[in-house]
Amino acid sequence: MNSLLYDTYTIFWRELKRYRKSRSGVLIRLIQPSIWIIVIGNTFSGTQPLIQSVGFEGQYIEFMAPGVIILTAIFTSIFGGVNTLWDRRYGFMNKALTSPISRSSIALGKMSAISLISALQASLILGIALAIGVNFPNPLMIAPIMAIVILFSLGFSGISVIVAATAKSQETFWGVINFLGMPLFMLSPALFPLELLPDWLATIAKFNPVTYTVLLVREMMTGVTEGGISALLSIGIILAFVLVMIGLASYVFTREVNKPF
Amino acid sequence: MYSVETRSLSKSFGTVNAVNDVSFTVKAGEIFGFLGPNGAGKSTTIMILTTLLKPTSGHALVSGYDVMTHPKQVRQSIGYVQQESTVDEYLTGRENLLLQARLNHIPKDQINKKIDDILELIELSDKQNDPVITYSGGMRKRLDIAGGLLHQPKVLFLDEPTVGLDIQTRRKIWEYIKKIHKEFQMTIFLTTHYMEEADQLCDRIGIIDNGKIQVIDTPENMKNAMGNEIISLTFENENSEDFLSQLSQIDLVKKINKDNDKFTLFVSSGTEVIPKIFQISVALGIKITSISLTRPTLDDVFISYTGREIRDDDTGFNRKREHAKMKRLRA
């Protein structure tokens with residue numbers, strides 16, 4: 001167990017070192033969520049009555065800002081595993097695989113690095129949201145919000161690592177990731193309340209871990225509980241999702257890297 | 001105990017037998033060269049020995065541990081330096097070695113000392129805090145090799161250590177390999193395409209082709225087994241009968257072909273025969289106008305075991321076609 005933690009930290013350290021050296025990427029990755037929050041947030045400001053009809057007092061942009069924070073987390077973490085493919089092509093993976101560290105620790109190290117990076121990106125978006133005037137009554141909630149984002153991203157980075165380990169090419173990876181990312185975001189109350197979705201879509205959304213994360217983060221930011229889903233339930237579902245993804249990613253990664261690339 | 005031992009090792013991909021019933025042993029402390037044309041089965045063998053691939057059948061033991069049943073112990077015993085550079089370009093030289101040290105579970109209190117020592121050995125101490133992206137190809141390779149031996153493995157696998165490097169750098173890398181071998185006394189399992197490299201470095205050589213071991217021996221024995229060295233000489237004298245008869249009485253001369261004023265001597269030790277030739281020619285008053293000695297190289301050995309280019313012309317073409325077909329299959 002100790003050595004699993006140490007090995008996971010080794011890979012985590014390496015991933016963060018690499019991230020630190022690619023600073024330009026940090027800003028580029030902020031552009032898209034910034035556009036979301038500024039353009040969509042203002043374009044749909046007229047939908048305030050709809051939001052209010054389900055009990056949310058306040059601007060539309062305040063409603064959707066938590067959604068965009070989660071959007072940032074989704075995409076940062078679901079794209080994050082792509083370097084697994086480079087590692088396999090350029091020999092780092094073989095180097096790690098012929099060293100005594102366990103296969104799972106490679107997957108877990110990558111996932112934990114991705115989730116921390118994801119939280120960093122999300123916190124920058126939170127900063128932008130506050131800067132353009134989103135009301136955030138309780139700044140002390142920042143720490144627990146980031147904890148939730150880290151947890152959620154850990155689960156989502158598992159998806160990325162699984163796809164990257166299974167895919168043999170960049171094309172396959174990006175195809176699958178794009179197929180997964182946007183629908184998971186759209187099928188959640190990130191932009192509109194669940195109550196306004198058609199029943200069948202709302203039902204699908206209830207199976208989506210993004211839904212619970214958005215509801216939880218929005219509750220933490222605005223203090224409004226939606227759809228009768230308690231914070232405790234959301235935390236439970238997120239935890240379960242993360243545990244399943246950790247197990248699944250370790251298993252799939254270990255199985256896939258033992259096959260010739 | 002052998003450092004590396006394979007028993008009837010086989011690996012097939014579909015219908016292609018990449019490695020076919022291969023058995024060999026490498027002694028502890030030996031530098032063993034593994035040679036073969038592209039697609040001969042070298043990489044597959046090395047991947048099995050480093051636990052990256054599972055064999056289809058047979059056994060492979062590294063440092064006494066079976067790669068199938070004790071992969072973790074095998075990984076603890078080996079260092080693996082891959083053909084392509086695997087150092088992280090964005091990290092500094094030192095950070096790369098730190099990563100390698102952690103991957104190989106070097107105790108924390110020893111890491112810094114070991115990194116300092118190895119940086120000194122490969123003469124990169126002054127560049128250790130520069131990002132690797134600023135390193136030349138030779139420096140990267142040195143760093144790669146340093147990473148492979150930082151934890152002082154019992155067996156070091158070097159896959160084509162000098163491919164793509166210029167001849168000066170290549171020689172420098174050979175020096176480093178000799179130096180580390182002297183210093184750490186580990187077994188080195190090396191693959192290469194360069195016969196000169198194998199000749200320079202290896203105690204013994206195994207040549208593999210079509211997934212099978214063709215021969216294993218010392219470079220010296222292999223070259224000797226190729227048979228004769230050839231001395232060609234020309235001279236100015238019409239009466240060559242005495243010269244010929246006296247030359248053929250030299251012990252080391254096996255056969256002489258005569259062609260007017262040119263003799264071709266097949267000898268077993270050319271350097272010893274040449275002075276004797278001159279003694280005889282001086283005594284007979286024969287003026288030698290040119291003399292040359294040709295020795296078999298490891299290239300000749302390699303070609304004789306693997307090459308389709310030589311041998312009879314009529315079969316050569318078919319062999320070449322067969323070879324091309326196999327290459328496509330392996331690709």
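Is the crossing of α3(B) and α4(B) left-handed or right-handed? Let's find out on a short tour of this predicted model.

Local features here need pLDDT of at least 70 and side-chain atom pairs count only at pLDDT 80 or more, while totals for chains, interfaces and linings use all residues. Residues are numbered from 1 along each chain as its sequence is written, and chains are lettered from A, ligands numbered from 1, in the order in which they are written.

**Stop 1: a helix pair in chain B**

Select residues 93-103 and 108-121 of chain B, which are helices α3 and α4 (helices are DSSP runs of H or I, at least four residues, numbered from the N terminus). Their axes come within 10 Å and cross at roughly 130°; axes are lines fitted to C-alpha atoms over the stretch in contact, and angles run from 0 to 180 degrees between N-to-C directions. The two are therefore oblique to each other (under 35 degrees is roughly parallel, over 145 roughly antiparallel, 65 to 115 roughly perpendicular, and the rest oblique). The crossing is right-handed, that is, the near helix is turned clockwise from the far one by less than a right angle.

Now show the contact residues: Arg94(B), Leu97(B), Leu98(B) and Ala101(B) on α3(B) face Ile111(B), Lys114(B), Ile115(B) and Ile118(B) on α4(B). Contact means C-beta atoms, placed from the backbone, within 7 Å. By class, six are nonpolar, none polar and two charged (Ala, Val, Leu, Ile, Met, Phe, Trp, Tyr, Cys and Pro are nonpolar; Asp, Glu, Lys and Arg charged; the others, Gly among them, polar).

**Stop 2: α7 and α8 of chain A**

Move to residues 103-131 and 142-166 of chain A, where α7 and α8 pack at about 130° with axes 7 Å apart. That angle makes α7(A) oblique to α8(A), and their crossing is right-handed. Among the contact residues are Ala107(A) and Ser123(A) of α7(A), and Met146(A) and Val161(A) of α8(A). The contact has 11 nonpolar, eight polar and one charged residues.

Following α7(A), look for Gly133(A), with a positive phi near 100°.

**Stop 3: the domains of chain B**

Finally, colour 2-219 and 228-294 of chain B as domain 1 and domain 2, bounds that come from an automatic or database domain assignment. Their centres, taken over C-alpha atoms, are 47 Å apart.

Notes. Contact = placed C-beta atoms within 7 Å.
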